[in-house]
Amino acid sequence: MVSRFSFGATRPAFSDNLLTVFFAAFDLPTAPASAGISWPDVALSFFAIVMEGAPFLLLGAIVSGLVDVFLPAGLIKDWLPRSKTQGIFAALGAGLIFPLCECGAMPIVQRLIRKGVPPAVATTYMLAAPALNPLAMFSTWLAFRNQDPWLMVLLRFGFSLAVLIFIGFWLARLRPDQMLRAETITGSPRQARELSPNPGLVLTPRPGLSLGGLQQFTGAVIRDFTGVLLFLVIGAAVAAIFSTGFNRNLLAPIGQSAFLGPLAGILLAQLLCLCSTTDAFIIAAFAPFSVPAKIAFLVAGPIIDLKLYWLYRSAYQARFVHALWFRALVATFLLTLLYSLQP
Amino acid sequence: MIERLARQISFFAPAAVMSAWGVVMLHTIASGHIKDLLSPMFRSYVLAASLLLFALSIVYLVLYQPVQESAPALAPAGRLRQLGRWIMLLLPVVLAAALSPSALGNKTLQNRSSFDPTTGVTPMPSMGSTSQADVKAALAADPNQPVPVEVTDLVTISQTPAQIQSFEGRKVNVVGFIVNEGGRTKLVRWIMWCCAADAVPVSIELSGNTAGDWKDTQWLQITGTAHFPSTLGHVTPHVDVDTIQPVKEPDEPYLSP
């Protein structure tokens with residue numbers, strides 16, 4: 001259990017000082033001091049996150065490649081309802097039925113948008129798949145089976161659905177150019193650079209090796225995998241720093257507060273960046289948090305956190321992601337606050 | 001000449017990056033470091049991904065070649081940006097593979113411990129059927145012999161009054177790493193659901209014959225008597241130690257439900 005390197009520094013973090021002032025202002029019990037950050041542990045957490053995420057990202061890129069080659073654009077358009085509202089509800093339904101992890105979803109959603117799926121519908125599906133999928137609900141039941149599991153599942157599902165409907169209707173009012181990065185928006189006819197597996201070069205099949213579908217498939221897989229991988233690396237680095245260096249007990253004194261509890265839950269979800277099938281196990285064991293604080297954690301985290309922020313940036317404009325972040329967190333806070341304040 | 005070199009580097013970069021990730025993944029599996037990172041169910045995915053990345057690298061090199069005449073390479077600024085992008089994909093993962101320790105240290109343990117103002121004990125998350133089966137086996141074992149149990153088994157038992165009654169006073173044999181915190185001595189194990197980033201520590205308290213020149217986070221095997229004292233309704237699993245001895249880190253350093 002001995003670290004091979006010992007260059008970890010112990011010094012009061014800025015967050016400690018800020019929280020001390022905060023607790024004093026609200027006359028709350030003092031939070032325990034942070035133990036500091038261990039950089040070797042950050043490296044271990046970062047490495048673990050990318051080793052866990054990269055296979056799913058590759059799987060997502062492969063599915064994206066298959067969609068690119070085998071799914072005609074017209075077919076998806078025919079499947080989808082004509083009205084935007086129905087499209088949003090269809091996306092929410094798809095999120096329920098087709099479980100997809102956050103890392104694997106990004107390349108698939110980008111490909112679906114290029115195939116003509118309205119960005120509002122594809123984005124709603126991307127947000128709904130981790131938040132509403134049956135595996136997340138089952139893990140919630142399992143994690144809370146000693147603490148009123150059906151109530152927790154019902155609250156998680158109901159509040160997630162409400163937040164996603166609110167976001168879905170907002171998305172339906174946006175134009176694609178208000179949401180997506182220029183390179184994500186479908187170019188028609190498709191440019192040579194878009195087809196290339198290497199964004200830095202225009203490539204051509206070797207003479208005598210023009211394999212059509214296989215070439216298109218590998219090009220899409222490589223481009224999607226390496227394109228999103230960069231954002232996974234950045235997101236994993238941020239997540240590793242906070243999940244390792246932030247003392248979660250700092251939020252314990254406000255975890256039972258009716259008003260501040262949901263805020264603490266949301267903040268912890270943003271910093272820990274957990275997968276939606278794991279988060280319930282972590283928060284179920286966190287005794288200092290009230291039920292509304294735990295629900296806020298479970299609802300906000302799968303929709304957006306510090307790691308997902310960077311993953312979303314691979315396809316969406318920064319301004320849009322900030323607006324999505326703000327709306328998701330405010331909606332989660334208001335719902336859980338209402339639940340928290342009920343008599 | 002520089003133009004041609006830049007074009008070649010740019011062409012080989014995706015294959016080099018994907019192969020490097022494949023090598024890092026394979027090395028992590030072969031060296032056993034994967035046990036420090038991921039729960040067992042995710043390890044085969046890493047192996048499959050590494051093989052796929054090698055395959056994709058080969059397919060890329062075999063199928064494609066850069067267009068020489070019609071499309072010029074990127075302008076110098078764009079070329080540098082692309083190079084930076086490939087380095088960003090390569091360097092952090094290689095450095096993390098080389099520098100990451102074999103286990104999380106004491107600072108992270110303190111940061112991830114759940115704080116209970118009454119007892120300071122980490123409440124046990126609900127575990128899967130494996131832990132319940134382990135507990136049943138422990139309860140059914142010969143009461144005259146020390147029962148080999150995990151730290152998590154004792155914490156699971158502490159949550160059910162009937163099991164506490166059956167197990168109170170039983171001789172147990174437990175392995176974990178030792179941590180001294182606020183004048184209390186604890187035996188700790190990390191439990192991990194997916195990866196080391198979500199690992200949380202679970203502990204029991206030790207008393208009795210714990211003397212020895214033990215360093216924090218040193219792996220120990222203890223034999224003693226299990227007790228489950230209750231303070232203000234909070235039960236703390238506790239072992240009164242008879243013997244204590246250093247052991248090697250277990251083959252699986254984390255417990256996975």
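Begin with chain B of this predicted model, which is divided into domain 1 (2–99) and domain 2 (106–255). Colour the two ranges separately and inspect the place where they meet. Six residues of domain 1 of chain B are in contact there with seven residues of domain 2 of chain B. On the domain 1 side of this contact, three residues are nonpolar, one is polar and two are charged.

Next, select residues 40–63 of chain B, which form helix α2. This helix has 24 residues, and the distance from its first C-alpha to its last is 36 Å, close to the 34 Å expected at 1.5 Å a residue. Which residues of α2(B) are buried? They are V46(B), A49(B), S50(B), L53(B), L56(B), S57(B), V59(B) and Y60(B). To see what covers them, display the surrounding elements from both chains. From chain A the cover includes α2 (39–70) and α11 (213–245); from chain B it includes α1 (2–30) and β1 (64–66).

Now turn to chain A as a whole. Its secondary structure comprises 16 helices and one strand. Of its 343 residues, 56% count as buried. Among the contacts in chain A with a separation of 6 or more, 84% join residues 24 or more positions apart.

The next selection is the largest nonpolar core, a set of 174 residues. Where are the residues with the most contacts inside this core? Select F46(A), F47(A), A48(A), V50(A), L57(A), V109(A) and L232(A) to find them. Helix α2(A) supplies the largest share of the core, 16 residues. Domain 1 (2–99) and domain 2 (106–255) of chain B both contribute residues as well, so the core lies between them. In soluble globular proteins, nonpolar side chains tend to be buried together.

Leaving aside residues up to four places away in sequence, V109(A) touches A122(A), Y125(A), M126(A) and A315(A).

Finally, colour chain A by pLDDT. The mean for the chain is 83, and 82% of its residues reach 70 or more. Over residues 1–13 of chain A, however, the pLDDT is below 50, although this stretch has 29 contacts in the model beyond near neighbours in sequence. Where pLDDT is low, the predicted coordinates should not be read in detail.

Terms used: Residues numbered from 1 in each chain as written. Chains lettered and ligands numbered in written order. Predicted model: local features only at pLDDT ≥ 70, side-chain atom pairs only at ≥ 80, totals over all residues. pLDDT = per-residue confidence, 0-100. Contact = placed C-beta atoms within 7 Å. Helix = DSSP H or I, 4+ residues; strand = E, 2+ residues; numbered from the N terminus. Expected span 1.5 Å × (residues − 1). Buried ≥ 20, exposed ≤ 12 C-beta atoms within 10 Å, placed from the backbone. Core = buried A, V, L, I, M, F, W, Y, C linked by C-beta atoms within 7 Å. Domains from an automatic or database assignment. Nonpolar A, V, L, I, M, F, W, Y, C, P; charged D, E, K, R; others polar.
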